[in-house]
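Subject: A structure to look through

Dear colleague,

My notes on what was found follow below it.

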Amino acid sequence: MDMSNAEEREVDVEINRGKDGQHEDEDKKCTELVDKSGEDDGENTDAVRLVDYGAARGRGSRPHQEDRCSITPPELLSIDSLHKVAFFGVYDGHGTARVAAHAQKHIHQIISSSKEFQEGNYEAAIRNAIAEEDGRLLKAVITKGKIIKGGSTIAVCLLDLRAGVLVVGNLGHSHVLLGVEGEGKGGGYRGVSLSNLQFQEPLAGLTGREQERLTAQHTPDIPSEVHRVEAAGSRISHESGKPRIGGINITRALGDYRYKSPLNAHIDPAKDEYLTKAISTTQENVSESFISNEPHVRTVQLKSGKRYVLVLGSDGVWNAAGNEKVLGYVEQRRGEKGEEAAGALDVAGGIVGGIARLPGSDNCTCEVVFVDGRDVTEEGK
């Protein structure tokens with residue numbers, strides 16, 4: 001697929017280079033901030049260096065842009081922390097942009113202000129922040145008495161530069177791909193197999209495509225997800241030709257409260273056709289949420305002698321391009337000469353631009369992050 005020569009009207013790329021680095025109009029923008037702190041002053045003892053990063057969104061063929069994303073560099077995220085951590089997040093809204101926009105504003109703030117973050121327990125910080133964010137939105141729904149008919153998938157990363165630790169979390173079909181330079185064909189980027197990474201806990205049950213990503217797929221065609229959903233009192237419908245829970249094709253997300261406890265057990269199904277489709281037998285058998293807010297989380301220890309590329313994307317990216325094409329495009333744009341290599345923002349814009357102009361394309365959002373290990377030099381590894 002050609003990812004070049006994107007039509008400008010379909011590509012939405014914003015840059016914020018303000019003095020304080022604050023995001024401008026976060027409801028409408030993805031933001032990219034240039035990190036100037038990555039330069040080695042001779043006293044830098046960080047395990048990895050944040051070289052460059054950028055984000056881009058494309059509306060594609062959809063009438064509205066419901067994706068959101070955010071990047072918060074270490075100097076803004078971990079001001080009061082002993083750690084040096086950057087945050088990256090992609091939020092893929094469905095049915096509304098409200099949930100994604102709210103998460104864009106608050107998830108990183110909840111994480112950075114938590115006790116778990118200060119203690120370096122990043123997996124717990126991500127889990128708790130997602131639960132708290134979903135709880136806040138649910139409380140607003142119950143208080144106002146009006147259901148938000150929609151939600152958002154999510155893929156987030158915390159990158160601890162001092163420790164060389166990458167922690168990811170996701171709900172739904174937004175994903176994080178990690179590539180390592182020099183191990184692909186011709187020395188290009190290769191998708192990192194889970195079996196080659198150093199995890200805090202062993203992995204089991206992941207095969208094929210998932211092994212090239214750090215995140216998990218939460219859709220109604222995954223057996224473990226089907227089992228969980230059916231145990232909660234829901235059922236998988238195939239009426240549209242694709243497996244769905246009510247009206248959606250994911251099993252984990254922020255929002256989607258008609259499918260979550262306690263509302264899924266109390267809303268009158270006669271007044272909600274999608275809830276009617278989601279309930280397996282009777283409402284009395286509903287025991288818990290059909291759509292879960294429990295994320296898949298994973299910690300990776302990066303190596304000091306490697307160069308990495310981190311790609312976060314909504315399903316509009318992965319469904320259209322896939323892992324190999326994305327990494328191939330990164331390799332193509334980076335080139336052989338460092339001075340001529342495209343920056344992260346240009347790479348993200350090229351990926352999104354090529355996808356957004358395809359007929360029938362979805363909203364697509366992409367963040368690209370280049371990370372070098374401490375022992376990597378300009379000449380090589």
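Is Asp46 buried or exposed? Asp46 is buried, with a relative accessible area of 7%, where buried means under 20% relative accessible area, exposed means over 50%, and partly exposed lies in between (1.4 Å probe, protein chains only).

Before you read on, please keep in mind that this is a predicted model, in which local features need pLDDT of at least 70 and side-chain atom pairs count only at pLDDT 80 or more, while totals for chains, interfaces and linings use all residues. Residues are numbered from 1 along each chain as its sequence is written, and side-chain values use heavy atoms, with hydrogens and water left out.

Of its 381 residues, 56% count as buried. Taking contact to mean heavy atoms within 4.5 Å, residues 24 or more positions apart account for 72% of the contacts with a separation of 6 or more.

Salt bridges

A salt bridge is a side-chain nitrogen of Lys or Arg within 4 Å of a carboxyl oxygen of Asp or Glu, and by this rule the count comes to 14. One of them joins Asp46 to Lys84, with the closest N and O atoms 2.8 Å apart. This pair links distant parts of the chain, since Asp46 sits in the loop between β1 (11-12) and β2 (48-58) and Lys84 in the loop between α1 (74-77) and β4 (85-94), 38 residues apart. Lys84 is buried as well, with a relative accessible area of 16%.

Another salt bridge is formed by Asp134 and Lys260, whose closest N and O atoms are 2.6 Å apart. Asp134 lies in helix α4 (residues 122-144) and Lys260 in the loop between β9 (254-255) and α6 (273-278), so the pair ties together parts that are 126 residues apart in sequence. Asp134 counts as buried at 3% relative accessibility, and Lys260 counts as buried at 4%.

Arg307 forms a salt bridge with Glu181, the closest N and O atoms being 3.7 Å apart. Here Arg307 is in strand β11 (residues 307-313) and Glu181 in strand β7 (residues 175-181), 126 residues apart, and both Arg307 and Glu181 are buried. Salt bridges that share partners join Arg49, Glu181, Arg307 and Asp372 into one network.

Two packed helices

Two packed helices are described by the angle between their axes and the distance between the axes. Helix α2 (residues 98-112) and α4 pack at an angle of about 135 degrees, with their axes 9 Å apart. The residues that make the contact include Val99, His102 and Ile110 of α2 and Ala125, Glu133 and Leu137 of α4.

The loop between β9 and α6

The loop that holds Lys260 has two further features to look at. A cis peptide bond joins Ser261 and Pro262, with omega about 10 degrees, and Pro262 lies in this loop between β9 and α6. Asp256 is found in the loop between β9 and α6 too, and its phi is near 55 degrees, a positive value in a residue other than glycine. Asp256 is buried, with a relative accessible area of 3%.

Key: Helices (H or I, at least four residues) and strands (E, at least two) are DSSP runs, numbered from the N terminus. Axes are lines fitted to C-alpha atoms, for helices over the stretch in contact, and angles run from 0 to 180 degrees between N-to-C directions.
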